[in-house]
Amino acid sequence: MLQLIEANWQLVAGAVALLLVVAFLLLRRGGKAPERREFNDVLSEGAAPAQRNTALIDTPPAAAIPVPPPSTAPPAEAVAAAGGDDLTRIKGLGPKLKTLLASLGVTQFAQIAAWTDEDVARIDAQLGAFAGRPTRDNWVEQAKLLSSGDTAAYEDKFGKL
């Protein structure tokens, strides 16, 4: 064994040095814990904890919020049922647009059929996310055919109702 150590003395010296470094690090790590620093604030000077804010907890409930009286205007569905047409028969005009048009006072095919280019532009500006639909889906021409009752011509041009 002595011959083996003499032949590889550099390797043995490196292993011994490595062991010494590891032992040094382990012994140093086991030293005393770092000292805890005392924070100087109100509580460390002997002050009592703050009182709980009970101002909002102890207050009586707020008065009921007044509810506005119901609108005297009939709902859009009642207007459509009373004398309006089923505007959803127009291709590209669904229930949301029907409600939106009813709030603008449009409930009949004849009203849409009578729109001019200026009327289309005015209504289109009020349609929000649905802007462009009256022109793109050709509502005026559809409304003219539906208000006249010519379902055959309507179905030939726009498809089955």
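The following legends describe close-up views of a predicted model.

**View 1. Buried and exposed faces of helix α5.** Helix α5 spans residues 95-103, and within it Leu 97, Leu 101 and Ala 102 are buried. Viewed along the axis of α5, these buried residues lie within an arc of 140°, so they line one face of the helix. The face turned away from this buried side bears the exposed residues Pro 95, Lys 96 and Ser 103. Just beyond α5, Gly 105 adopts a positive phi of about 95°.

**View 2. The largest nonpolar core.** This core comprises 19 residues, of which Ile 90, Leu 93, Leu 101, Ile 112, Trp 115 and Trp 139 touch the most other members. Two or more residues are contributed by each of the elements α5, α6 (109-113), α7 (117-125) and α9 (139-148). Helix α9 supplies the largest share, five residues. Nonpolar side chains tend to be buried together in soluble globular proteins.

**View 3. Surroundings of Leu 93.** When residues up to four places away in sequence are left aside, Leu 93 touches Leu 87, Thr 88, Lys 98, Leu 101 and Trp 139. Among these neighbours, Leu 101 and Trp 139 are also members of the largest nonpolar core. Another neighbour, Lys 98, takes part in the salt bridge of the next view.

**View 4. Salt bridge between Asp 86 and Lys 98.** The closest N and O atoms of this pair are 3.7 Å apart. The bridge links distant parts of the chain, 12 residues apart: Asp 86 belongs to the loop between α4 (76-83) and α5, whereas Lys 98 lies in helix α5. Asp 86 is partly exposed, with a relative accessible area of 36%, and Lys 98 is likewise partly exposed, at 25%. The whole structure contains four salt bridges.

View 5. The side chains of Arg 122 and Asp 119 meet in a salt bridge with an N to O distance of 3.6 Å. Both residues lie in helix α7, three residues apart, which is about one turn of the helix. Arg 122 is partly exposed at 45% relative accessible area, as is Asp 119 at 22%. Arg 133 pairs with Asp 137 in a salt bridge whose closest N and O atoms are 3.9 Å apart. Arg 133 has 24% relative accessibility and counts as partly exposed.

View 6. Met 1, Ile 5, Val 12, Val 16 and Leu 20 make a nonpolar surface patch of about 500 Å². Helix α2 (residues 9-29) gives the most to the patch, with three residues. Ile 5 is located in helix α1 (residues 2-7) and counts as partly exposed, at 37% relative accessibility.

Note on methods: Residues are numbered from 1 along each chain as its sequence is written. This is a predicted model: local features need pLDDT of at least 70, side-chain atom pairs count only at pLDDT 80 or more; totals for chains, interfaces and linings use all residues. Side-chain values use heavy atoms; hydrogens and water are left out. Buried means under 20% relative accessible area, exposed over 50%, partly exposed in between (1.4 Å probe, protein chains only). Helices (H or I, at least four residues) and strands (E, at least two) are DSSP runs, numbered from the N terminus. The arc is that of the directions from the helix axis to the C-beta atoms. Patches are made of residues with over 30% relative accessible area and no salt bridge: like charges are joined within 9 Å, nonpolar side chains (Val, Leu, Ile, Met, Phe, Trp, Tyr) within 5 Å. Accessible areas come from the Shrake-Rupley method with a 1.4 Å probe; for residues, only the protein chains shown count as cover. A nonpolar core is a set of buried Ala, Val, Leu, Ile, Met, Phe, Trp, Tyr and Cys residues joined through side-chain atoms within 4.5 Å. Contact means heavy atoms within 4.5 Å.
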